[in-house]
Amino acid sequence: MDPFSAWLEATRISTTMRNMTWLWPTCESIHFIGLGLLIGGAGYFDLRLLGFMRRVPVGAAKAFMPWAIAGFAMNFVTGTLFFVMAPHMYVPSAAWWAKVFFIVVAGLNAMFFETTLGTRVMLLGPNEDTPMSFKIVGGVSLFSWFAVLFFGRMLPYIGTGN
Amino acid sequence: MRMAAWLHTLQNSAFSAWVVGSDSIWAYPMILTMHTVGLGIVVGAAVIVDLRLLGVGPGVPLDEVKRLFPIFWVGFFINLVSGVMLFVSEAADKATQPVFLLKLSLIAIGVAVTVRIRRRLFGGGGASILAASAVRTLAIGSLFVWAGAIVAGRLMAYLK
């Protein structure tokens, strides 16, 4: 085991949480519910950015984003708990690093949209096609979140160090 | 007993041996991952429909909510196929697992609720259907039933 994982797993918080046998399955259940909220809210907005469902104003399609963010928050918290409980499963895992990479990509993509393109959202009415820049942001987001899901679920099976 | 024998035949088939025995990530891991992709699509679409009916995103025309149902069914089809594959590989064990039967029941309820919501939306009446408390009950019920199905599915790995 790598020194960092060995250190973290020996800490009191890590051992205490591992001893609560119900905690891991509970966090998994929350993690999968969060997944549904995140894919639903973000995916819906991404589809509109890609130019689907044009009768929905872009600004209106964004109304579900707080629920996607809530789903992300649930998964960030439960994901952090998984990591603290069993870092050796993640630190040497190529799948986990790929997952983290795509979370960062999705995050930067969303920040770019909010800071650079966001103000143009409100100017776009119903029945209007989205500009290419919106389509790229929507495509990158949709791909990234499904990549996060893919590498998360494949985590026990690919690129594991043990 | 004939049922049990049949389930064992499924579980002992060459296909099952490949699903659970193969070292390939294209066997069990990929089927499992497709099942999670389908979960995201099914629950994602249902959540948007439910939230819209509960008043989130009032700017989304109700007519446009109908476009989410084909997405829902695509996800459902992915999970029906991947779910049957996962089930067959462990048929005899899963068929008697209470939490699996609970999951199947919740999915059946979830689909029935979704079909009823769809019927309401396609039945016309425009925004006035939102005033009906039955619609809100269906939407809240849908959210809880899908969350329950997810939890039951997850617990299949932990409960005998």
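**Exercise 1.** Find which exposed residues sit on the face of α5(A) turned away from its buried side.

*Solution.* Start with the cut-offs: a residue is buried if 20 or more other C-beta atoms lie within 10 Å of its own, exposed if 12 or fewer, and partly exposed in between, with C-beta atoms placed from the backbone. Next, look at the face turned away from the buried side of α5(A): the exposed residues there are A:Pro66 and A:Thr80.

A quick word on what you're looking at: this is a predicted model, where local features need pLDDT of at least 70, side-chain atom pairs count only at pLDDT 80 or more, and totals for chains, interfaces and linings use all residues. Residues are numbered from 1 along each chain as its sequence is written, while chains are lettered from A and ligands numbered from 1 in the order in which they are written.

**Exercise 2.** Work out which residues of α5(A) are buried, and what covers them.

*Solution.* Helices (H or I, at least four residues) and strands (E, at least two) are DSSP runs, numbered from the N terminus. Helix α5 of chain A takes in residues 65–85. Its buried residues are A:Trp67, A:Ala68, A:Gly71, A:Phe72, A:Asn75, A:Thr78, A:Gly79, A:Phe82 and A:Met85.

Now for the cover, which includes α2 (12–19) and α3 (23–49) of chain A, along with α3 (28–53) of chain B. Contact here is when the C-beta atoms of two residues, placed from the backbone, lie within 7 Å.

**Exercise 3.** Say how many residues each chain brings to the contact, and which helix of chain B gives the most.

*Solution.* Count by chain: 28 residues come from chain B and 29 residues from chain A. On the side of chain B that touches chain A, α3 and α8 (133–155) each supply at least two residues. It's α3(B) that gives the most to that side, with 13 residues.

**Exercise 4.** Describe chain B as a whole.

*Solution.* Count the elements: 8 helices and 0 strands. Then take the box, roughly 55 × 30 × 25 Å along the principal axes for the C-alpha atoms of chain B. Finally, 34% of the 160 residues of chain B count as buried.

Notes. The expected span of a helix is 1.5 Å times one less than its number of residues.
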